4 protein chains.
Amino acid sequence: MDDIGRSKRAERAFSLDDVAIMPTRRTRAMETVDLEWKCDAITFSFPLLAAPMDSVMSPRTAIEFGRLGGLGVLNLEGLWTRYEDPLPVLEELAGMGADAGVTARLQEIYAAPIRAELITERLRQIREADVPVAGALSPQNAQEFAEVIEGVGCDFFVIRGTAVSAQHVARDHEPLDLAKFIHEMEVPVIVGGCATYQTALHLMRTGAAGVLVGFGGAAMSTNAQTLGIEVPMATAISDAAEARRDYLDESGGRYVHVIADGSMGYCGDVVKALACGADAAMLGTPLARATDAPGKGWHWGPEAWHQSLPRGRRVHMEQVGSLAEIIAGPSHSPDGEMNFAGALRRALATTGYTDVKSFQRIDLIIR
Amino acid sequence: MDDIGRSKRAERAFSLDDVAIMPTRRTRAMETVDLEWKCDAITFSFPLLAAPMDSVMSPRTAIEFGRLGGLGVLNLEGLWTRYEDPLPVLEELAGMGADAGVTARLQEIYAAPIRAELITERLRQIREADVPVAGALSPQNAQEFAEVIEGVGCDFFVIRGTAVSAQHVARDHEPLDLAKFIHEMEVPVIVGGCATYQTALHLMRTGAAGVLVGFGGAAMSTNAQTLGIEVPMATAISDAAEARRDYLDESGGRYVHVIADGSMGYCGDVVKALACGADAAMLGTPLARATDAPGKGWHWGPEAWHQSLPRGRRVHMEQVGSLAEIIAGPSHSPDGEMNFAGALRRALATTGYTDVKSFQRIDLIIR
Amino acid sequence: MDDIGRSKRAERAFSLDDVAIMPTRRTRAMETVDLEWKCDAITFSFPLLAAPMDSVMSPRTAIEFGRLGGLGVLNLEGLWTRYEDPLPVLEELAGMGADAGVTARLQEIYAAPIRAELITERLRQIREADVPVAGALSPQNAQEFAEVIEGVGCDFFVIRGTAVSAQHVARDHEPLDLAKFIHEMEVPVIVGGCATYQTALHLMRTGAAGVLVGFGGAAMSTNAQTLGIEVPMATAISDAAEARRDYLDESGGRYVHVIADGSMGYCGDVVKALACGADAAMLGTPLARATDAPGKGWHWGPEAWHQSLPRGRRVHMEQVGSLAEIIAGPSHSPDGEMNFAGALRRALATTGYTDVKSFQRIDLIIR
Amino acid sequence: MDDIGRSKRAERAFSLDDVAIMPTRRTRAMETVDLEWKCDAITFSFPLLAAPMDSVMSPRTAIEFGRLGGLGVLNLEGLWTRYEDPLPVLEELAGMGADAGVTARLQEIYAAPIRAELITERLRQIREADVPVAGALSPQNAQEFAEVIEGVGCDFFVIRGTAVSAQHVARDHEPLDLAKFIHEMEVPVIVGGCATYQTALHLMRTGAAGVLVGFGGAAMSTNAQTLGIEVPMATAISDAAEARRDYLDESGGRYVHVIADGSMGYCGDVVKALACGADAAMLGTPLARATDAPGKGWHWGPEAWHQSLPRGRRVHMEQVGSLAEIIAGPSHSPDGEMNFAGALRRALATTGYTDVKSFQRIDLIIR
């Protein structure tokens, strides 16, 4: 704890950029590393989720991501559930460039209502492709569309907001009781973002299968500039990992997955997130670099179109390769933007670890 | 305390950029947050003041700012009290661009004398609009024009300088005795800038209603480069908040408002200033971005035209929206430049606080 | 140790940029400084090695570097052992500029097989010039070509990889037993990169004559971005120097040389590396600036052409002078890019040290 | 002390940029501040010296600087003592722009021999103008031209080198015995650069009237990049100030002036140097911005033309005003580049100090 002045003390928090992994005295061959991630009933080839963002996930790319071995999560309050045919809208946005008026246009486009029947249709399309199915809503919309989602039979339901707490106070309406809601859902729920030990612990107690660690995301987020609120990820993950450990003991053995969400633009960031204690990572920016991403070279999140206080930019992304190449390689870029699974495997091999669980114990340095 | 070398020790001081707010385990609905700020006899809709700078406040924009619910402060030693009609001067400056000769021209323009009858006229104009009236002078001019100001019947008189101390030593003239001066003024006085616990405490003892924390301001100030003097705001606010607490006890209950002044270019900076202990924030740069600001896309402070040692730049500002949109939204910018009141409300809601006073207790992190 | 969060602690590690040398109270004349470096049977004029990179070392430049008084190390799995005549390949690469497709083209070029007879031919060419002979292979290829190398009669055999550990685990094949391998080699072996005290100590115990400290190198490496792994050099060298001291005691007097490898772009970096405890430094980037370097103004390392996960860029280098001028001066550049031996001599003279061994004791500061 | 690794510890050192001055609870009127600096027999109007650099000091500008009230020091091994008429040389250099070949041309130009009769002529010219006379030589040339300098009757003789120690070891020649040399000189000697407590103390013991603190200077120096040696000025000055205090006691009352030399590009830097404990400051860069400086918009030091290892750049300077305006104002620049004496006076007034000696006690913060 440092003194900020005479009336305030604060602890330093660390971003993923602030830390790094030092090599150890062991190395392993690549083929001796096991990247499998088991969450609830499903085993994935690697511990990666695709973020529910319209620039990244469409039914088509969610299917593609599932076939590659990860969990693609569709945004259920985005273009695909507001528009019968969102392709012209995506086309229009891709053509807009970096105009100053983009935020206002996004606000208009996302003012269209969410349609229950489109939620059903999009999720069913993914289910028919025989890959794991997951959709995301914000806490505000979770209750309203819960039955619709259960009707389709998802593998995971993701409740994702900038800050999701187990204790929300409202005046005009009954707030969402997460514990009750999750208990009644038949589908396993992943919930977040959370940023502290206390919130992570509370969310774990709601019965969630996993918690998302972060605060409204990635490089395009301007929450720090707009709200003064910021979640240095290395510290947040490390805190949530401690909550996982404490809850495991408290619950007599329930292991809730800690999923890092955002602030991971390059392969190395994912490696560091796992080293800080995460079980898996939810990717946005890296997938927006895919030539076949719906954003067509542009990337934005739900905060970009908030009606009265937008807190995210729509940014241009260099397209580096196909979604398949970005996840599974081979890479033809020297910049850590391709072959995320390969980079993860190599990082574990280079430091002598067999799996992610044991890799969480590796020593970090502060740069 | 760190050793600078064998003969000097120093403590680290923190700017608002050095700190951030971490989410808590609680969230609240927006409508449960109360932003009201009560200062002396007046209740404002939000704890924001507009800085007495010619690029920001004219009688017209002071009225507009008051109608929105804040306190606009007119510079009483600027263009509006030196020129019968300052509009051609503002026009000329807007047309000058970033010429090297701007400083010299500003020095000429501001060499015109301050006219008492113009002080009266400008303040009366604001009073007639039925909004709170406040005008600012530097300590050097406070005594001379005090009666004029009392004659108009201001709600607040602001004594604002780069460094205002309760203990000023002079040789050729009797220095301003602040305690005596404030005691004799009928109008409540807000006084600053101050930057340390000791100065804040001394200024509170003069009987001021509020103290401004800062050292000659914003992004355009070059005091650090010119004088080597710098006031990292997070530390300065935290120190002044401690002085407020100690003076509250010492005085048997007089609450002197701590007003952060300068170094807050974005919504998030204001949020952080309150989190550090400020009761309110005085804005310059954010308002200079208004399409209807007198500066017409340019921003400068009193230090820009000092006759022998100018210590501030005149800088170009991107115009992002009307004064009303900048304060009350809605925002169409993702960059935290619009909807300051909304951002403040949302920051409190997101971290579960009902009002600014309780929000001052929130934990900070060092980034 | 700082807390990264509740479940992780980390120590700060320092790069060469983070530290600097303070002048002492002594100075010496240049001619009283002795830069000689004795390693195994050979005495070099200065403690500098040239890195086995195709943009830096060809048989011709290895000979030139040896004549100047240092140890040039040829890459034995690069262009010179994959192509009968690599000059057209180097020519093609020099003509490619900064195209996005360069990585893919490098992957193709380096997919050509390594030919044993070319290893023999290249090393023999250097031997015939009567300068010290040294060639480098990665651990993967060391075993296969060991006999070829012994057949030529090298002075040093360098086993160089991104991370070389004494304890490598594999499944499908018997991993290289470094201790056994080195014991059986007739040629003294220099092995690395290593980055920690433990790995350095283990590598010393294998019987190596020297250990390379680093992790896949220089400015062009993207290991940090791709794998999250990073080796701040000042700390790594200081750790390896401690291993050298401990092993010296443990072995009853065997002195294993600590050779800093990478992250040294300017003369001052080499000086700092020695001040941190290194006995010698292996240079890449500085030599790529030579007008007579094979890279012809471009620089890349083995990681730039990895087939599935390239982790290094090919970067443009400003050509500042001949290899001879870069090493032995005189310099006509003010930027610390020329006269490496002269700068080293001057640094020791300016701080009053007679030789590198005693200079290793100099005090550092943190900038 | 922090661990750099297992075998090295280091202390953090601070540059002037790392620190700042916080306002105090007192302010003073400008006219109550006394800037006089007494050194040996002479009282200057302000504690500023002009650095012996050819881009800054000619006989003409040394006279002008003296008339303004400071001490101009002429470089006695520069163009004015190597060339009968250096004006064409200065003209040629001004015309060269930022060519890569400038370093080589400087090396040629400064290869011309130093002529004793020109030393006499230049110093006599300054003496005739009835201002304090000071000339500078490097330790290498001090002995050879000492008699010449004494013959003219200087007020101060400055021995200035990158690193001047009281203990220099040489083999081929008897090194300069500073104590003996200074004892025998009739002219008071100012000597440096020194950078540590020990060296400062040793130089004080030689009988010097003042010590220069620094390591070969200003923004254009590349010593850090070339030699790895760096002198963060705040720490170096603070250390030398402690040596002054200890030597004052040890010598029974001899006060040796600590003169900060270099790294002070703006007024605020000089203020900070005094706050760290300096008695005076030697300026280079600020004076090179004068419209009437000999460098005509270019600035370089003796290190720029070293024959085998140049360690300084020749850089372009924006010309902001006359030498008189830069020192005594008025300023028309907002950037702290003009009115150095005025800025110094204002900094003391703003923080409530009457003179430099008491100002040395002011508290610093770490930014």
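Two residues are in contact if their C-beta atoms, placed from the backbone, lie within 7 Å. By that rule chain B and chain C do not touch, and their nearest C-alpha atoms are 12 Å apart. Chain A and chain D share no contact either; their closest C-alpha atoms also lie 12 Å apart.

This is a predicted model, in which local features need pLDDT of at least 70, side-chain atom pairs count only at pLDDT 80 or more, and totals for chains, interfaces and linings use all residues. Residues are numbered from 1 along each chain as its sequence is written, while chains are lettered from A and ligands numbered from 1 in the order in which they are written.

Start with the symmetry. Two copies of a chain are related by a rotation about an axis and a shift along it.

Now the contact of chains B and D. Chain B puts in 45 residues and chain D 53 residues. On the side of chain B, the elements that give two or more residues are β1 (2-5), β2 (8-12), α4 (102-109), β12 (167-169), α8 (197-205) and α9 (223-227). Helices (H or I, at least four residues) and strands (E, at least two) are DSSP runs, numbered from the N terminus. That side of chain B holds 17 nonpolar, 18 polar and ten charged residues. Ala, Val, Leu, Ile, Met, Phe, Trp, Tyr, Cys and Pro count as nonpolar, Asp, Glu, Lys and Arg as charged, and the others, Gly among them, as polar.

The copies meet through different surfaces, because only 2% of the interface residues of chain B are also interface residues in chain D.

A strand pairing crosses this contact. β2(B) runs parallel to β18 (residues 364-366) of chain D, over three bridges. Strands pair if DSSP finds at least two bridges between them. Arg12(B) has Ile366(D) as its bridge partner in β18(D).

Turn to chains A and B. Here 46 residues of chain A are in contact with 53 residues of chain B. The side of chain A divides into 18 nonpolar, 18 polar and ten charged residues. Three bridges join β2(A) to the parallel strand β19 (residues 364-366) of chain B. In β19(B), Ile365(B) is the bridge partner of Glu11(A).
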